[in-house]
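My entries follow in the order in which I made them.

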Amino acid sequence: MQIPYNEELRPDTGLYNAKLGIWIFLASEIMLFGGLFSAYIMLRVGAPVWPPLGTAQLNIPMATFNTVVLITSSVTMVMAWASLKMNNFGKFKMYMGLTLLFSAMFLVVKYFEYSAKLSHGFTPAHDTFLAIYYTMTGLHVIHIIAGMIVNGYLWMPGSKMWKSNPERFTNRIEVAGLYWHFVDLVWIFLFPSLYLL
Amino acid sequence: MSSQDHHEESFISKYIFSQDHKWIGIQYGITSLVFLLFGFTLMMVMRWQLAYPDTVIPFVGWMFEDGMLSPDMYNSFGAMHGTIMIFLGVVPMVVGAFGNYLVPLQIGAPDMAFPKLNMASYWTYLAGGVIMVYSFFVPGGAANSGWTSYPPLADIATTGQTIWLFGMVFLITSSLLGSMNIIVTIVQLRAEGLTWGRLPFFVWAQFVTSFLLVLAFPPLEAAGVLQLMDRLAGTSFFLPSGLVVGGEILNVSGGGSPLLWQHLFWFLAHPEVYVLILPAMGVVAEIIANNTRKPLWGYKSIVFASVWLGFMSFIVWAHHMFITGMGQGMSLFFQTTTMIISIPSVIILSALFITLWGGKIRFNTPMLFALAFLPMFGIGGLTGLPLGLAPTDIHLHDTYYVIGHFHYVVAPGTIFAIFAGIYFWFPKITGKKLNEGLGKIHFFFSLIFINGVFMPMFIQGLAGVSRRLADGGVSYAHAAGVLEWNEFMSMSAWLLGVAQIPFIINFFMTIFKKVDGVADPNPWQSTTIEWTDTTSPPLGHGNFEIAPVVHRGPYEYSVEGASEDFIPQTKK
């Protein structure tokens with residue numbers, strides 16, 4: 001039994017199934033992070049001083065570097081998809097590899113940020129600012145890791161599909177890319193809200 | 001992927017890890033029926049404690065210390081009754097079971113858009129259910145801060161609350177996967193000619209419901225993450241500064257807000273109410289159109305009303321919070337939106353009532369349940385009005401009146417619609433109609449006793465009896481005048497349990513009944529695709545031998561000049 005519109009577009013909606021699926025999924029993700037951003041706003045509005053006295057100073061240069069890294073990974077992700085559209089599997093492998101490399105770089109920087117804070121006793125329990133900082137960036141890190149697992153699969157074992165069903169494989173990269181841009185976008189909101197404002 | 005077409009399936013891939021939407025629907029249905037029974041049993045035990053405080057419980061007393069339900073256990077049972085009924089019983093039933101089984105069939109699709117996700121959705125749901133049941137056996141028992149898990153209480157509650165939160169994460173993930181799937185299926189896999197205006201109302205109801213699930217559940221997931229952080233990492237998202245517990249100031253950083261949880265929680269939980277009721281309305285609409293042999297009155301109006309209802313349900317949540325001191329401006333806004341949201345519900349209900357007018361009504365069991373749904377949901381809706389207005393809510397808040405109100409919506413409302421649906425689509429699944437005699441016994445006794453349970457709650461609630469007392473109000477003078485109702489309600493609840501026995505007998509008797517010959521694929525003479533274009537039940541792995549092509553609307557009953565009193569949607 002074959003499910004229609006897995007690869008080809010449905011004429012009246014102009015979509016294939018997974019593309020609509022990922023958009024709906026991202027809508028729910030927006031609500032998830034939206035809930036956390038609302039929590040952040042409510043905590044901030046309710047606090048007498050923000051950030052609370054005696055809290056940790058976040059490392060802006062490191063976060064700026066990470067912002068650049070993540071945006072670059074988004075660009076290489078698009079390039080990976082575009083390479084497949086241009087039928088260049090070798091370039092796809094390279095750009096997808098770069099995407100994974102930049103994602104890993106983001107995590108390494110984040111690791112140094114976290115450990116510097118934690119080693120000075122700035123745990124989530126210290127105050128509500130650090131609590132929301134760790135919760136939101138932590139959830140974002142989980143999203144990065146999830147994206148890396150999917151991208152890693154598509155980079156290595158999953159890329160066999162390019163031979164059997166190139167159209168569907170290209171769609172998969174597009175869908176993974178949409179998710180990856182979303183993860184990038186979340187960071188673009190997190191960075192100013194937590195580090196700059 | 002032609003290799004998938006005709007291969008033999010092993011027992012495990014066919015019945016356990018099935019990717020067939022029909023079988024997953026059945027898995028959902030059976031599991032949620034078991035959970036409904038379990039949640040109801042918890043309540044039957046609690047009702048003993050309410051009717052006869054501090055006496056040994058018969059039959060199940062051996063499970064408890066001293067044979068009685070301690071106040072702590074009572075709280076656990078209350079919290080878990082709500083959680084199980086809503087998240088493990090009704091939602092998986094109306095969306096997981098009915099949605100999964102019927103949506104692809106009613107839109108002429110070969111399966112759901114993502115069969116693997118569909119399977120994952122069921123198994124995550126089951127895992128969540130197992131975690132919830134497991135929480136009864138941890139030290140301190142299951143979650144005991146109410147199904148709403150309000151902090152600060154929930155933040156400092158026993159381990160059961162942590163398990164509850166983990167269980168909720170699984171249930172949220174499950175319904176997210178399921179509802180994404182339903183949306184994509186409805187948008188992408190409709191049969192040729194099945195335009196939006198020709199969708200059966202049931203499909204519309206599932207569509208709106210799925211959007212509510214996709215958009216409303218994540219904020220609760222966010223809130224759940226925050227509460228887990230509070231409980232496990234020692235943060236203070238929901239703990240204000242200087243909170244005193246047991247005479248001592250709690251050793252936390254403070255600075256959090258208990259109201260934050262309520263906002264995030266009710267942002268889910270109010271749309272959730274419409275998740276419970278919309279699919280039920282969809283089921284009832286199908287059955288009423290079929291059994292009055294008339295087109296649904298005002299099809300377009302009720303479709304628009306359901307979309308409007310879905311939209312409005314996102315901006316009424318704080319009417320649960322009138323007495324929290326969130327401010328008059330907020331109360332004014334939310335009571336206005338709450339009054340507005342009653343309009344689409346009334347439109348839908350009125351359209352269903354008007355459909356009855358002049359119809360040749362067939363009073364079979366599914367129709368009886370569907371008919372009872374209308375006034376029962378009506379009572380539930382109307383008694384909600386005083387709760388939606390801040391001045392009256394101040395008096396009624398947290399009393400038995402609230403319990404009566406929402407149970408009228410969900411129990412004789414949604415659960416009656418579920419029974420209507422089970423009686424109606426049972427022949428679709430098994431090829432055999434459930435026994436009418438037993439069905440009518442089941443219906444009439446259920447109707448009587450369910451009103452016996454919930455009607456007196458309004459009386460007690462108006463007298464001001466709080467909903468959370470383990471002794472049912474014995475220790476409060478103001479409750480003295482209405483206490484005698486406790487025994488009456490408990491008796492009704494147990495008799496309601498007895499009234500379900502004919503259903504259980506009927507269910508198994510019919511399944512194991514031997515019938516000769518080929519089953520009638522369309523025993524109710526219905527117009528929609530799931531009856532008219534499929535082969536005799538039980539259906540195999542594929543849905544349709546030839547992809548259906550739709551030529552007309554969903555409710556062409558008693559059309560003048562037609563040879564029969566119904567014209568299938570796929571007839572030219």
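I looked up the contacts of B:Phe369 first. Leaving out residues up to four places away in sequence, B:Phe369 touches B:Phe416, B:Phe419, B:Ala420, B:Tyr423 and B:Phe443; two residues are in contact if their C-beta atoms, placed from the backbone, lie within 7 Å. B:Phe369 sits in helix H10 (residues 365-382) of chain B; helices (H or I, at least four residues) and strands (E, at least two) are DSSP runs, numbered from the N terminus. I find 29 other C-beta atoms within 10 Å of B:Phe369, so it is buried. The scale I used is buried for 20 or more other C-beta atoms within 10 Å, exposed for 12 or fewer, and partly exposed in between, with C-beta atoms placed from the backbone.

Note on the source: this is a predicted model, in which local features need pLDDT of at least 70 and side-chain atom pairs count only at pLDDT 80 or more, while totals for chains, interfaces and linings use all residues. Residues are numbered from 1 along each chain as its sequence is written, and chains are lettered from A and ligands numbered from 1 in the order in which they are written.

Next I checked the interface. I get 37 residues of chain B in contact with 34 residues of chain A. On the chain B side, the elements giving two or more residues are helix H5 (160-188), helix H6 (201-233) and helix H7 (258-292). H6(B) provides the largest share, 11 residues. By class, this side of chain B has 23 nonpolar, 11 polar and 3 charged residues. Here Ala, Val, Leu, Ile, Met, Phe, Trp, Tyr, Cys and Pro count as nonpolar, Asp, Glu, Lys and Arg as charged, and the others, Gly among them, as polar.

Then I took two helix pairs. Helix H13 (residues 400-430) and helix H14 (residues 436-462) of chain B pack at about 165 degrees, with axes 7 Å apart. Axes are lines fitted to C-alpha atoms, for helices over the stretch in contact, and angles run from 0 to 180 degrees between N-to-C directions. That angle makes H13(B) roughly antiparallel to H14(B). Angles under 35 degrees count as roughly parallel, over 145 as roughly antiparallel, 65 to 115 as roughly perpendicular and the rest as oblique. The residues of the H13(B) and H14(B) contact divide into 13 nonpolar, 5 polar and no charged.

The axes of H7(B) and helix H9 (residues 328-356) of chain B come within 10 Å and cross at roughly 15 degrees, which means that H7(B) is roughly parallel to H9(B). Their contact has 8 nonpolar, 2 polar and no charged residues.

Last, I went through the backbone. Most residues other than glycine have a negative phi, and most peptide bonds are trans. I noted a cis peptide bond between B:Pro151 and B:Pro152, with omega about 0 degrees; B:Pro152 is in the loop between helix H4 (115-134) and H5 of chain B. The bond from B:Pro537 to B:Pro538 is also cis, with omega near -5 degrees.

A:Tyr5 is not a glycine, yet has a positive phi of about 65 degrees. Is A:Tyr5 buried or exposed? A:Tyr5 has 20 other C-beta atoms within 10 Å, so it is buried. B:Asp54 has a positive phi near 55 degrees, but B:Asp54 counts as exposed, with 11 C-beta neighbours inside 10 Å.
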